Each structure stands twice: as C-alpha cells, then as structure tokens.
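Colleague: I have just opened this one and would like a careful walk through it. Could you take me around, starting with how you decide what counts as buried?

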Amino acid sequence: MVKQFSMEKILDWRMDLEEQARLKVTQLKERLQIENHHLQELIKENRRVKNEAVDNVHIQSLRYNDYYKLVIDEKIIQQKNQMDLTRAEINAAQNKLISAHTDRKAMEKLKEKEFLTHYLAEQRNEQMQLDEFATMGYKRQAL
C-alpha cells in the first residue's frame, strides 16, 4: 500500500517558492544585462562626443558638446548606480533561492524518512502475520 506523504502540500509549496526564486534571479540577471548594454551605449556616445569636440573650433559647438558630455557623464554615473542596485537585488534573490532550495531539500528528506518508516512498519506487520500463520500451522500439526 502506497502512503501519501503527510506534508505533501507543504513540499509542493516549497517547490513553488524555489521555482519563483529561480525565476526572480533569472529576471534580475536579464535586467542587469540590459542595464550593462545601456551603459556600454552611453560610454560609446561619450567617446563619440569627445572625438567630435576635438574637430570643432566654434565656441558655441564646443559649449554644447561640453554640456552634452557632462549630461552623458551624469547618465553613466546613474546607470552604474542602478547596476549596483540590481547586483544587490541579485545577491538577495540568490540568497533567497538558496534558502528555498535548502528548505525543499529538508522536506524531501522528511518525505524519504516517512516513507522508510512506513515501509519498515509494513514489513514488521507482514512478518508478524507470517509468524502467526506459522504458529497456527504448527499448533494444528501438533494436535
């Protein structure tokens, strides 16, 4: 007879939590890649503006390029700060994933232990019944 694990719903819930944590880590890593791509684009734009400034001789163009370069520098700093925040979120999500994984593994160990206990109890019961049948058969032969 197959016995249902007494905490099956809790195990399922733990598995769901682990899967959600895994998805969150994946989403955050994708977001970090997008942010890194955006940072690379800003750096490329900054280099382009600096190269244009070398060729310009008009004061108005130089002022505009300098202002634009300052704006881009500020955006680069903001983007790096955003990436640091995302990295911190990734670390927190990975810690949560590790915790969920550990909890699920503990529940699976409990499930295995419960099944083993049930199996051993079934074996003992069967052995007791066989012993009883053997004793009854011996009593019949003795009479």
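Modeller: Before we start, please keep in mind that this is a predicted model. As for the terms, a residue is called buried when its relative accessible area is under 20%, exposed when that area is over 50%, and partly exposed in between.

Colleague: Where does D73 sit, and what does its side chain join up with?

Modeller: D73 belongs to helix 2, which covers residues 59-142, and its side chain makes a polar contact of 2.7 Å with the side chain of N46. If you look instead at E35, which is 38 residues away from D73 along the chain, the C-alpha atoms of the two are separated by 16 Å.

Colleague: What about T86, is it buried or exposed?

Modeller: T86, which is also a residue of helix 2, is buried, because its relative accessibility is 0% and the limit for that class is under 20%.

Colleague: And which residues does T86 touch, if I skip those up to four places away in sequence?

Modeller: With those residues not counted, T86 touches L28, R31, L32 and E35.

Colleague: How does N65 come out, buried or exposed?

Modeller: N65 lies in helix 2 and is buried, since its relative accessibility of 7% falls under 20%. Not counting residues up to four places away in sequence, N65 touches V49, E52, A53 and N56.

Colleague: Then what is L62 in contact with, leaving out its sequence neighbours?

Modeller: Once the neighbours within four places in sequence are set aside, L62 is in contact with A53, N56 and V57.

Colleague: How far apart are K80 and N36 in space?

Modeller: From C-alpha to C-alpha, K80 and N36 are 8.4 Å apart, while in sequence they are separated by 44 residues. K80 is another residue of helix 2, and with a relative accessible area of 44% it is partly exposed.

Colleague: Switching topic, how many aromatic pairs are there?

Modeller: The count comes to one aromatic pair. Y64 and Y68 form that pair, and it is stacked, with 6.1 Å centre to centre and 5 degrees between the planes.

Colleague: Why does it count as stacked?

Modeller: The planes are 5 degrees apart, and because planes under 30 degrees apart count as stacked, the pair of Y64 and Y68 gets that label.

Colleague: Where are those two in the chain, and how exposed is each of them?

Modeller: Both Y64 and Y68 lie in helix 2, four residues apart, which is about one turn of the helix. Y64 counts as exposed at 54% relative accessibility, whereas Y68, at 28%, counts as partly exposed.

Colleague: Last topic, then: what is the volume of the largest pocket, and which residues are closest to its centre?

Modeller: The volume of the largest pocket is about 210 Å³. The pocket is lined by 13 residues, of which L17, Q20, A21, K96 and A100 are the closest to its centre.

Colleague: Which helix gives the largest share of that lining, and what classes of residue are in it?

Modeller: Helix 2 gives the largest share, with seven residues, and helix 1, which covers 8-55, also supplies at least two. Sorted by class, the lining consists of six nonpolar, two polar and five charged residues.

Terms used
Residues are numbered from 1 along each chain as its sequence is written. This is a predicted model: local features need pLDDT of at least 70, side-chain atom pairs count only at pLDDT 80 or more; totals for chains, interfaces and linings use all residues. Side-chain values use heavy atoms; hydrogens and water are left out. A polar contact is a pair of N or O atoms within 3.5 Å; within protein, one must be able to donate a hydrogen and the other to accept it, and residues adjacent in sequence count only if both atoms are side-chain atoms. On a 1 Å grid over the protein atoms alone, a cavity is a set of points where a 1.4 Å probe fits but cannot get out, and a pocket is an open set with protein on both sides within 12 Å along at least five of seven lines; lining residues have an atom within 4 Å of a point. Grid points are joined across faces, edges and corners, and a volume is the space filled by probe spheres set on the points. Ala, Val, Leu, Ile, Met, Phe, Trp, Tyr, Cys and Pro count as nonpolar, Asp, Glu, Lys and Arg as charged, and the others, Gly among them, as polar. Buried means under 20% relative accessible area, exposed over 50%, partly exposed in between (1.4 Å probe, protein chains only). Contact means heavy atoms within 4.5 Å. Rings of Phe, Tyr and Trp (its six-membered ring) pair if their centres lie within 6.5 Å; planes under 30 degrees apart count as stacked, over 60 as edge-to-face and the rest as tilted.
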